[in-house]
Amino acid sequence: MPCHSILIIGANGFVGSHAARALVAAGHRVTGFGLPMSVDLMPDLASTVRMVTGSAEVIADIESAFEAAAPDVVIWSAGHNANAAGLAATGETDPARAMGVNTIGLFNVLEAARRRGVRRALVTGSLVAFGPAALYAETHIDETAAPHPTTGYGLSKTMGEQVAQYFIDRYGMEVITFRLSVVFGPGRWYGGVIAALNGLLADAAPGRKDSIQVPAEPFDLVHVKDVATALRLAVDAGRPLERLYHLNSFTTTYAELVRAIERQVPGYEVACTTTPAPIVFPLMNFDRIRRDLGYVPAYDVDLAIADCLKAR
């Protein structure tokens, strides 16, 4: 595969740092861009990934990043995550800022990419572009299903998809959005929808007893290293790709994840009760990404839990 120069917006974040690691390992030249963070997710990449500090909402900062990277591929993995509350929670408490990052920030990046003739832009979207499962007739929805966001974060990600579509329609750019299911794995330093599960992973020890109340409904989960693999496959793909891909590793329940922790840590016991989720998203169909990119997830439930425990 040819070596590409890649600019990752949000490279020092959860998804971005894993993407940077996978792309460096594949032989690509990676430049990162983002605001300073309270946690360092890239200590092993200090000598291989150049970081440019700045905000995607500031055009001059974006210009500096593009000048430093001279990229032929740009990856958007940024977001507004105040106080480690989680992207969805921050989108509810500060929807204007979430919109600013996920729409204006993304517009600034794609406009800079367009003017420089960047060949491909990859955008990390989210299943929250969809609304509650009750709005959809199908149990598993594919990329043709209409978004119906009912959260501030969902609205910001849906608007981001529209920004991407604008550059596709007006300029013929190749902008590819990956709608990620719930992202999980080593380095997820913030809370959000799996905050309670993060707590169990941190506490799991032989002889310890815990209790937890979790939503009962099944949901799609993607290991962050599988996200990095999908982005690497898209960087290396030698033909045009579709504008949207759904991405997961497996469908599970929180109760199944708890049982997997108990299997990995013998002697650890969790009393798990279930309650209806405040919002149940539809399950997604993942045939397109498997067909077009040859994507095969590396992680099932047990492997994902084992990887998180190993990284503690």
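1. A quick word on terms before anything else: strands here are DSSP runs of E, at least two residues long, numbered from the N terminus. With that in hand, Leu-283 sits in strand 14, which covers residues 283-284. Keep in mind while reading that this is a predicted model.

2. Staying with Leu-283: is it buried or exposed? Its relative accessible area is 14%, and since the cut-off for buried is under 20%, Leu-283 counts as buried. Leaving aside residues up to four places away in sequence, Leu-283 touches Thr-139, His-140, Ile-141, Pro-218, Phe-219, Asp-220 and Thr-251.

3. On to the charged pairs. Side chains of opposite charge can pair when their charged atoms come close. Searching the whole structure turns up 18 salt bridges. One of them links Glu-63 and Arg-116, with 2.5 Å between the closest N and O atoms. Glu-63 belongs to helix 2 (residues 59-69), whereas Arg-116 is in the loop between helix 4 (95-115) and strand 5 (120-126), so this bridge ties together parts that are 53 residues apart in sequence.

4. Arg-119 is in the loop between helix 4 and strand 5, and Asp-72 is in the loop between helix 2 and strand 4 (73-76), so here the parts tied together are 47 residues apart in sequence. Arg-119 itself is partly exposed, with a relative accessible area of 32%.

5. Next, have a look at Arg-179 and Glu-161. What separates their closest N and O atoms? The distance is 2.7 Å, and the two form a salt bridge. Arg-179 is part of strand 7 (residues 175-180) and Glu-161 is part of helix 5 (residues 152-171), so the pair ties together parts 18 residues apart in sequence. Both Arg-179 and Glu-161 are buried. Elsewhere, salt bridges with shared partners join Glu-63, Glu-111, Arg-114, Arg-115 and Arg-116 into one network.

6. Not counting residues up to four places away in sequence, its contacts are Ala-129, Pro-147, Thr-177, Arg-179 and Leu-244. Arg-179 in that list is also its salt-bridge partner.

7. A backbone detail to check by eye: most residues other than glycine have a negative phi. Ala-70 has a positive phi, near 45°. This residue lies in the loop between helix 2 and strand 4. With 56% relative accessibility, Ala-70 counts as exposed.

8. Last, helix 10 (residues 301-310). Which of its residues are buried? They are Val-301, Ala-304, Ile-305, Asp-307, Cys-308 and Leu-309. The elements covering those buried residues include strand 8 (182-184), helix 6 (195-203), strand 10 (219-223), helix 7 (224-236), strand 12 (250-252) and helix 8 (254-264). At the N-terminal end, helix 10 is capped by Asp-300, which places a side-chain oxygen 3.3 Å from the backbone nitrogen of Asp-302.

Terms used. Residues are numbered from 1 along each chain as its sequence is written. This is a predicted model: local features need pLDDT of at least 70, side-chain atom pairs count only at pLDDT 80 or more; totals for chains, interfaces and linings use all residues. Side-chain values use heavy atoms; hydrogens and water are left out. Helices (H or I, at least four residues) and strands (E, at least two) are DSSP runs, numbered from the N terminus. Buried means under 20% relative accessible area, exposed over 50%, partly exposed in between (1.4 Å probe, protein chains only). Contact means heavy atoms within 4.5 Å. A salt bridge is a side-chain nitrogen of Lys or Arg within 4 Å of a carboxyl oxygen of Asp or Glu. A polar contact is a pair of N or O atoms within 3.5 Å; within protein, one must be able to donate a hydrogen and the other to accept it, and residues adjacent in sequence count only if both atoms are side-chain atoms.
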